[in-house]
Amino acid sequence: MPPSQRTQRVPYPARDAEPSPAATIADALSRLHLAERARLLSRLIAGVGVLALAVVSGGAFARYARVARRSEVTVTLEDAARATRSQLYDLVRYVQQSNPDLVARVRDELARYVGTAPLPGSAAV
């Protein structure tokens, strides 16, 4: 079957399955206010290398490749608003595999933004 006729598989777990930590974090990120989303996206993108930024999420975050791996990356509010849930999921899933400590820190910070219920896998506060 030609690539144009293949259906794209959604990278999310089945509805009956427990959501993956990456899916849970992507959902929570997509519901944040833009300033908070941009701040947490900045932290995630800072943990991704140049080549990965060109590939992850179909290159949606490639514009940050020139500042990749710097401790300070600033994601614009416009880019935070433009990031889809699928792109957020791909980014979180990549960082989860390459730098689980960073994802744990972002997850714990995100739990404070979202409210009192901790996200799955987060430390009890």
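Author: Setting aside neighbours within four places in sequence, Leu 29 touches Arg 37, Leu 40, Leu 44, Leu 88, Val 92 and Leu 110. Contact here means heavy atoms within 4.5 Å. This is a predicted model, where local features need pLDDT of at least 70, side-chain atom pairs count only at pLDDT 80 or more, and totals for chains, interfaces and linings use all residues. Residues are numbered from 1 along each chain as its sequence is written, and side-chain values use heavy atoms, with hydrogens and water left out.

Reader: Why is Glu 109 called buried?

Author: Buried means under 20% relative accessible area, exposed over 50%, partly exposed in between (1.4 Å probe, protein chains only). Glu 109 has 7% relative accessibility, so it counts as buried.

Reader: What makes the link between the side chains of Glu 109 and Arg 39 a polar contact?

Author: A polar contact is a pair of N or O atoms within 3.5 Å; within protein, one must be able to donate a hydrogen and the other to accept it, and residues adjacent in sequence count only if both atoms are side-chain atoms. The Glu 109 and Arg 39 side chains are joined at 2.3 Å.

Reader: And which residues have the most contacts inside the largest nonpolar core?

Author: Leu 29, Leu 41, Ile 45, Leu 53 and Leu 91, in a core of 35 residues. A nonpolar core is a set of buried Ala, Val, Leu, Ile, Met, Phe, Trp, Tyr and Cys residues joined through side-chain atoms within 4.5 Å.
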